[in-house]
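Please read it with the sequence and the model side by side.

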Amino acid sequence: MRYFRFIILSCLLVTLATFTACMALSELDMLEAESNWTIFRGNASLSGFTDRSLPENPTLKWCFKNDVRTVASPIIYDGVAFTCDRKGIIRGIDEMGQQCFEYDLQSPVEASFIVHDSVLYVGRIDGILSAISLRTDKALWHYETEGQISASPNIIVKNGEARVLVGSYDDNMYTFNAANGKKLGQFETDYYINGATALWNDYMVFGGCDSWLRVINTQTGEATDSMELKAYVPASPAIMGDYAFVSDYAGNIYEIHLENGKIKDHRMLLTVDKKDDDGGSVSIPAVTHDAVFIYTAERYVVCINRSDGTERWRKMLKGITGEASPLVCRDKLLVCTKDGHVSILNTKTGEELWHYEVGEQIIASPAVLEGSFYILTSRGKLFYFAEK
């Protein structure tokens, strides 16, 4: 009986220890997630939506100055903000605004990058995709494509294996083993791939300069469906649930219903008549469960109701819209204009709640943590805003 009680007590202690360890692991994962922004749109679906809150009274805490042209959007990993300038220098900036990491790729970089499991994946103008360990500060592998890489990679984890997906100006979408860089697949399109692929279940969805939107099975590499748009697609789709939203260069906004790897149906949410010669839409929509937010080729951000496709509101911004796509943070919209204006809007009404002018061009998209956010200018200045 004493031995039996001992066994029961031991089992209870082991169970309690396991439960405590699982709780600690869960809390650790949660804390790591809160201090991370590992892809330029916040998630692999590129929806441009996050449940994180912006500060009620944003105040500039610090500004890190690099003074080298920077196009790639910043990402956050373990509380460190990583940027990569036009010369190919990756820098890590800690929470106090001090540089704590540096790696020289020795090649120009314009593409945004991602981090997974302490490895940074970045595409270069010379066509090489590089994997850099943030633990050892060393390159794990490189793969050379035959065209420049201007789009951010994306990553999918299936059955314990991580796969990196990236498009190139050699007209191909590639799939690599994230651990060793082995090429697993290659899908050829008819022209350049300038935007990142968005992930939907086991599929990647991307557009290209050949005006086609494609759905590709990430496991087999086979195309399951495609659709020709009215103009070429310079940016990435945004996916929410089973719906993809994409804009073409003419400014047309499409809602595409996906089902079982196929395009079930689609509709045009917005058709923009081009009124100037400065180019069409080059930004990515931001999507919530009931609305889509998109820049026009002019100075407006437009909110469209998903239920009926009607325009909810239209807001003229203080500057010209550009490539820094809008970002929804709960009930607020964070927008950056090409000429350096940063605004926070009410998602329901479009009312401006806060504004700040950085004084320099903004091309990169913001990075958001709970209660704070980062803005990167094209001259390499990283601004960090948090609660007053």
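1. N201 counts as exposed, because its relative accessibility is 54% and the cut-off for exposed is over 50%. Note that the model is a predicted one. N201 sits in the loop that links β15 (198–200) to β16 (203–207). Its backbone also deserves a look: N201 is not a glycine, yet its phi is positive, at about 50°.

2. Overall make-up comes next. The chain has 33 strands and one helix. Of its 388 residues, 57% are buried. The chain exposes about 16,900 Å², and 49% of that area comes from carbon and sulfur atoms. Taking contacts between residues at least 6 apart in sequence, 47% link residues at least 24 apart.

3. Which strand does β27 pair with in the antiparallel sense over three bridges? The partner is β28, and across this pairing C329 stands opposite K332. β27 and β28 make a hairpin with two residues between them. R330 belongs to that turn and has a positive phi of about 55°; R330 is a residue other than glycine. In terms of position, R330 falls in the loop between β27 (327–329) and β28 (332–336). R330 counts as partly exposed, because its relative accessibility is 41%.

4. On its other pairing, β28 runs antiparallel to β29, and five bridges join the two strands. L333 has L345 in β29 as its bridge partner. These two strands also form a hairpin, here with four residues between them. G340 in that turn has a positive phi of about 100°.

5. The sheet continues from β29 (residues 341–346) to β30, and these strands pair in the antiparallel sense over five bridges. In this pairing I344 is placed opposite W354 of β30.

6. How many of the five residues of β28 are buried? Five of the five are, so β28 is largely enclosed by the rest of the structure. K332, L334 and C336 point one way from the strand, while L333 and V335 point the other way, and all are buried.

7. Is K332 buried or exposed? It is buried, because its relative accessible area is 11% and buried means under 20%. The side chains of K332 and E56 are joined by a polar contact of 3.4 Å. With neighbours within four places in sequence set aside, K332 is in contact with L54, P55, E56, L327, I344, L345, T347 and L353. I344 from that list is the residue that stands opposite W354, and L345 is the bridge partner of L333.

8. The structure holds one cavity of 30 Å³ or more. The largest cavity has a volume of about 50 Å³. Its lining consists of M173, T175, G185, Q186, F187, M204, I216 and G221. At least two lining residues come from each of β13 (172–177) and β14 (183–188). β14 gives the most to this lining, with three residues.

9. Among the open sites, the second largest pocket holds about 210 Å³ of space. Its lining residues are T38, I39, G42, N43, A44, Y77, I114, V115, H116, D117, N154 and I155. β7 (114–116) and β11 (154–158) each supply at least two of the residues lining this pocket. Which strand gives the most to the lining of the second largest pocket? That strand is β7, with three residues.

10. R330, in the turn between β27 and β28, has a positive phi and is partly exposed.

Methods:
Residues numbered from 1 in each chain as written. Predicted model: local features only at pLDDT ≥ 70, side-chain atom pairs only at ≥ 80, totals over all residues. Heavy atoms only, no water. Buried < 20%, exposed > 50% of the residue type's maximum accessible area, 1.4 Å probe, protein only. Polar contact = N/O pair within 3.5 Å; in protein donor to acceptor, adjacent residues only side chain to side chain. Contact = heavy atoms within 4.5 Å. Pairing = 2+ DSSP bridges. Areas by Shrake-Rupley, 256 points an atom, 1.4 Å probe, with all protein chains shown as cover. 1 Å grid on protein atoms, 1.4 Å probe; cavity = no way out; pocket = protein on both sides within 12 Å on 5 of 7 lines; lining within 4 Å. Points joined across faces, edges and corners; volume = space filled by probe spheres on them.
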